[in-house]
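Good morning, colleagues. Please look at the sequence and structure as they come up.

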Amino acid sequence: KEKEGPKEITYEYLQGAAWQILEVKKKKTKLSVISHVFHWIINTLIILNIAAILAETVQSVYNVLYIFFNIFEYTSTFIFLCEYITRLWACTVDPRYEGSVTGRIKFSVHWLMIVDLLAILPSLIGLFCFLLFGSSFSNSDLAQILKVLRLLRILRVITILRNSSAFKLIYRSFIAKKQELTVTILLMFCLLVVLGSIMYFVERRAQPETMNS
């Protein structure tokens, strides 16, 4: 038998390879090894980002390392953005997301992709505004709001479990019982509002100055 030559690198091959790397497969191949290394790097970066966000809340630490924090934030944002765009580009390989436009729209509204987007959007908006308005933007109210919204990056902890079988089982269970869970959440919310209102009216008599709303 003649040995097969190297595979021709085509647009479709690159898409397929990218999707295999982004989605961990159980079958052991060269791409699955790269996939595991890639996910290990991304997961480590997520944990380091959360640690950096928490460290920034200590003013003395931030005053000394603010340049490092800024460089690390925008470097991480660039890496996460590349990952997001690559996922969006390669998703059409999956039969569930067929169609260059409709498939990508369907994939982009998947809740894990929304989490990925929310994690990087505040930093992207902040960088865009800084380039547009210069150093004056740093002291604006919008800059402070975006700084707080960067805490949304903590949500990326959920994506660490993206390929976990246990997480997928929980997700399927949630989907199967979504109506019951929705009713339970609504009842808990109503109970919270009622109890909060009762506490307000009770405490308002004792502390009318502090309990004004």
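Which helices each supply at least two residues of the lining of the largest cavity? They are helix H2 (30-56) and H3. This is a predicted model, in which local features need pLDDT of at least 70 and side-chain atom pairs count only at pLDDT 80 or more, while totals for chains, interfaces and linings use all residues. Residues are numbered from 1 along each chain as its sequence is written, and side-chain values use heavy atoms, with hydrogens and water left out. Helices are DSSP runs of H or I, at least four residues, numbered from the N terminus.

Let me stay with the cavity. By this I mean a set of points on a 1 Å grid over the protein atoms alone where a 1.4 Å probe fits but cannot get out; lining residues have an atom within 4 Å of a point. H2 gives the largest share, four residues.

Next, the packing of these helices. The axes of H2 and H3 are 10 Å apart, at an angle of about 145°; axes are lines fitted to C-alpha atoms over the stretch in contact, and angles run from 0 to 180 degrees between N-to-C directions. Contact here means heavy atoms within 4.5 Å. On the H2 side, the residues include Phe38, Ile42 and Asn49, and on the H3 side they include Tyr62, Phe69 and Phe80.

H3 (residues 59-90) also packs with helix H5 (residues 111-133): their axes come within 10 Å and cross at roughly 135°.

Finally, the second largest pocket. A pocket is an open set of points with protein on both sides within 12 Å along at least five of seven lines. This one has a volume of about 450 Å³. Of its 17 lining residues, Tyr62, Asn70, Tyr74, Ser138 and Ala143 lie nearest its centre. H3, H5 and helix H6 (141-149) are the elements giving two or more residues to this lining.

Key: Points joined across faces, edges and corners; volume = space filled by probe spheres on them.
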